[in-house]
Amino acid sequence: MPHSSHAEFARRLHRALDASGFAPGRRRTGALAEYYGVSRETARKWLGGLALPELDRMIEIAVHQHVSFEWLATGRGAPQGKDLSVREASGKYGDPMEARLLGVLRKLSRKQQRALIELLDAP
């Protein structure tokens, strides 16, 4: 039986993934594993409320899913709370294209990010 705080985290994680358009249903475990570079078993445990990600991974999830870290980790605050979020302020990037590119990059899996970096970094 899942630990209650783990199960609550899993509900919040599903909610964040739903809001960001992440793969639904049975495909979610594999998609989550690929996106964050973890095993399917680890992703299954997170989604099933059997385990919590380590702190740095939970921060990464909050950033990529555009939710407040405190909400994701504890359930306190609003999912999109401005004062609780680890997201950068929207005005940080002077160039709208740079902000858009970063948004697209964050939606890619780790494997896709590496491939894109290799492509862009090629001479």
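Biologist: Before we go on, what should I know about the numbering and the model?

Modeller: Residues are numbered from 1 along each chain as its sequence is written, and side-chain values use heavy atoms, with hydrogens and water left out. Since this is a predicted model, local features need pLDDT of at least 70 and side-chain atom pairs count only at pLDDT 80 or more, while totals for chains, interfaces and linings use all residues.

Biologist: What share of the residues counts as buried?

Modeller: Of the 123 residues, 33% count as buried, and buried means under 20% relative accessible area, exposed over 50% and partly exposed in between, with a 1.4 Å probe and protein chains only.

Biologist: Ok, H1 and H3: how do their axes cross?

Modeller: The axes of H1 (residues 4-19) and H3 (residues 40-48) come within 6 Å and cross at roughly 105 degrees; axes are lines fitted to C-alpha atoms, for helices over the stretch in contact, and angles run from 0 to 180 degrees between N-to-C directions. That makes H1 roughly perpendicular to H3, a label for angles of 65 to 115 degrees.

Biologist: And which residues meet there?

Modeller: Phe 9, Ala 10, Leu 13, His 14 and Leu 17 of H1 meet Trp 46, Leu 47 and Gly 48 of H3.

Biologist: Switching to Thr 29: is that residue buried or exposed?

Modeller: Thr 29, which is found in helix H2 (residues 27-36), is buried, with a relative accessible area of 17%. Leaving aside residues up to four places away in sequence, Thr 29 touches Arg 40, Ala 43, Arg 44 and Leu 47.

Biologist: Which residues of H4 are buried, and what covers them?

Modeller: In H4 (residues 55-65), the buried residues include Met 58, Ile 61 and Val 63, and their cover includes H1, H2, H3, H5 (69-74), H6 (96-107) and H7 (110-121).

Biologist: What follows H4?

Modeller: His 66 follows H4 and is found in the loop between H4 and H5. Phi of His 66 is near 60 degrees, a positive value in a residue other than glycine, and at 28% relative accessibility His 66 counts as partly exposed.

Methods
Helices (H or I, at least four residues) and strands (E, at least two) are DSSP runs, numbered from the N terminus. Contact means heavy atoms within 4.5 Å. Angles under 35 degrees count as roughly parallel, over 145 as roughly antiparallel, 65 to 115 as roughly perpendicular and the rest as oblique.
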